[in-house]
Amino acid sequence: MERRKSSSRQGPRPKKRPKVDISKTALGAEPEKRGLKRAGPAAKSPADKRPPAKASVTPSGGGQRELAVNVKTARKRKLSSTLWLQRQLNDPFVARAKAEGYRSRAAYKLIELDEKFGLLKKGARVVDLGAAPGGWTQVAVKKGARVIGIDYLGVPPIPGAEILELDFLDETAPAKLKALLGGKADVVLSDMAAPTTGHKTTDHLRIIALAEAALDFAEDVLAPGGAFVSKVFQGGAEGELLSRLKQDFETVKHAKPKASRSDSAEMYVVAAGFRGRGK
Ligand SMILES: C[S@@+](CC[C@H](N)C(=O)[O-])C[C@H]1O[C@@H](n2cnc3c(N)ncnc32)[C@H](O)[C@@H]1O
């Protein structure tokens, strides 16, 4: 998700390029020098003065730690890809997901939200919007829920779940999901995120549009007392989305799980106790 496709190389390829240690390039230097924003409170710490090879990162789990893996640049890899790789290799949630058999580090976001809000119950009917690669679905299935999911990316099968490979914004999607559900849902989860453009307003509008579409669907299928969870950005749910949530659910809370990267504006809105649309 967070990795951008590298664009094709412009102009002739240099004949030979010496191997470069990333720590000795601008990549290993302060992010500002690379035109990047610094993550979180680490920005002004004395750690900034350390030599690049020991540059500190802010792992998603919070706090600071030394880089365990320092990725060297490679001829065919763009700097942005090297950075992504370095972050993945040093991310404790990536390592944990691998060790515990989850398909994504995002799984730990739902685990934390569930611990906090008690969302997933045995036998519950759960809808997972934006399910790929399947971390949230795995978590819900493990808690004994029956999951219906959707993503325009393919999701390898997960026993206990049925996942549609389709754009949720396709006009046929709601009916297809409802047919698979075969009744009311107890929980509707949306971790949908469109690829970011880097333009703040556009990205914000896109995520709100997805959250509103998810809420439309949730209000159509949720059983009384049901819960809705959606990814939102920046200041959380606001405007019309927030007033609808407050009107139609007993409680509306925001949370930023530890697995949500500190340098990301992502957070989640959790609405519980569905009363009915417009009630
Ligand atoms: C952050 S990822 C979800 C990760 C997932 N919760 C997990 O634990 O593995 C966001 C997903 O939303 C999907 N998505 C974004 N817009 C969508 C849309 N309109 N319809 C279906 N899926 C969409 C993307 O394809 C992507 O797989």
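Hi everyone. Among contacts in this chain between residues at least 6 apart in sequence, 58% join residues at least 24 apart; two residues are in contact if their C-beta atoms, placed from the backbone, lie within 7 Å. This is a predicted model, where local features need pLDDT of at least 70, side-chain atom pairs count only at pLDDT 80 or more, and totals for chains, interfaces and linings use all residues. Residues are numbered from 1 along each chain as its sequence is written.

The chain has 7 helices and 9 strands. These are DSSP runs numbered from the N terminus, H or I of at least four residues for helices and E of at least two for strands. Of the 279 residues, 33% are buried. Buried means that 20 or more other C-beta atoms lie within 10 Å of a residue's own; with 12 or fewer it is exposed, and in between partly exposed.

Now to the core. The largest nonpolar core has 56 residues, and A107, V126, V127, V188, A214 and F228 touch the most other members. Such a core is a set of buried Ala, Val, Leu, Ile, Met, Phe, Trp, Tyr and Cys residues joined through C-beta atoms within 7 Å. Its largest share, 8 residues, comes from α6. Leaving out residues up to four places away in sequence, F228 touches V188, L215, A218, L222, F249 and A271.

Next, please find helix α3, residues 107–117. Its buried residues are A107, Y108, K109, L110, I111, L113 and D114. Among the elements covering them are α2 (92–100), α4, β7 (222–233), β8 (249–255) and β9 (266–274).

How do α3 and α4 pack? Their angle is about 40 degrees and their axes are 7 Å apart, with α4 spanning residues 135–142. The axes are lines fitted to C-alpha atoms over the stretch in contact, and angles run from 0 to 180 degrees between N-to-C directions. The two helices are therefore oblique to each other: under 35 degrees would be roughly parallel, over 145 roughly antiparallel, 65 to 115 roughly perpendicular, and the rest is oblique. On the α3 side, A107, L110 and I111 meet G135, W136, Q138 and V139 of α4.

Finally, a look at a loop. T197 lies between β6 (185–190) and α6 (200–221). Is T197 buried or exposed? T197 is exposed, because 10 other C-beta atoms lie within 10 Å. Setting aside neighbours within four places in sequence, T197 contacts T202 and D203.
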